[in-house]
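Please read this briefing alongside the sequence and the 3D structure.

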Amino acid sequence: METSWEELAPGVLRIRLPGWDETVGAIAGARGVLLVDAGPSPDAAGAIRAELRGLLGLPVRWVVLTHPHFDHVLGAGGYPGARVYGEPGDPAELAADAVRHGMPEAEAAKGAAALAEVRAQPVESRLSLYLGGGRTVSVARLGPAHTPHDAVVKVDDIVFCGDLVEESGEPQAGPDADPAAWPAALDRLLELGGPRARYVPGHGAVVDAAFVRAQRAFLAARAGAQ
C-alpha cells in the first residue's frame, strides 16, 4: 500500500488511502495513537500500524469509527488490543458492499471475520479520551446524517468529520442516509469546531468553516430543508 502521511499539527496526521480515497487520521499521545477510522481491510490496517510505529514510535491503542461504511471500518479487526469506539455495522453487509465496490471476495471476507470479533463501545453522545502527555480528544455523535451513526473527532482546532463532509466530490447519500437531518448535523459540527477550525473530510482535502457552511447550504437545498 502506497501511503503519504500529512502532518496537520504536532502529533496529528492524516492519510488519504488509495482506492476509495478515504481518510484515516492519527492522533498521538504519550500512551499511544488514536486512529480516526480503520481503513478498508486488515491488510491495510497492518500497513497503517507499521507506518505509524515508524513515524511516531507508538502503538495504536484506540480506534474511533466515524460511520459504518466498509471503506472506513472493515479494517477495524486489524488493530490487536486497541479499544474501538463507534458503530462498526454488520460485517456481512459491509463485506458484500465492499465486493460491489471492487474489493476481492477473499479480502472482504477476511475483514468481515476480523470485524465480527471486535467489541466496539457505542458513542451515544459525547466522550473524552485521554491519550497521555496532556492530550485529550473529544468524540461526538452528530448524526443521523450521512448514516444513522455519524461521529466526529476533535483535537485542538482540528475536527475529523468522517463523511459528514466530503471535498473530493458531492456528499454521497445512500439508502442509510437521512438527507433532511444532514444540514442540522453540520450546524452541530460547526458549533463544535468553531469558525477557525480545520475540518478533515472523510474524502478529500482539509477545508475550513466556510466550506462546511457552503456544503450545508447545498445539502439543505438538495433535501428541501432549512
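**Charge and fold**

Arg-61 has its place in strand 5 (residues 60-64), where helices (H or I, at least four residues) and strands (E, at least two) are DSSP runs numbered from the N terminus. This is a predicted model, in which local features need pLDDT of at least 70 and side-chain atom pairs count only at pLDDT 80 or more, while totals for chains, interfaces and linings use all residues. Residues are numbered from 1 along each chain as its sequence is written, and side-chain values use heavy atoms, with hydrogens and water left out.

Accessibility
- Arg-61 counts as partly exposed because its relative accessibility is 42%, given that buried means under 20% relative accessible area, exposed over 50% and partly exposed in between (1.4 Å probe, protein chains only).
- Of the 226 residues in the protein, 53% are buried.

Overall form
- The secondary structure comprises 6 helices and 11 strands.
- The C-alpha atoms fill a box of roughly 45 × 40 × 30 Å along the principal axes.

Salt bridges
- The structure holds 8 salt bridges, each being a side-chain nitrogen of Lys or Arg within 4 Å of a carboxyl oxygen of Asp or Glu.
- Lys-110 forms one of them with Asp-43, with the closest N and O atoms 2.8 Å apart; this pair links distant parts of the chain, with Lys-110 in helix 4 (residues 105-115) and Asp-43 in helix 1 (residues 42-56), 67 residues apart.
- Asp-156 and Arg-135 meet in another salt bridge (3.5 Å, N to O); Asp-156 counts as exposed at 52% relative accessibility, whereas Arg-135 is buried at 15%.
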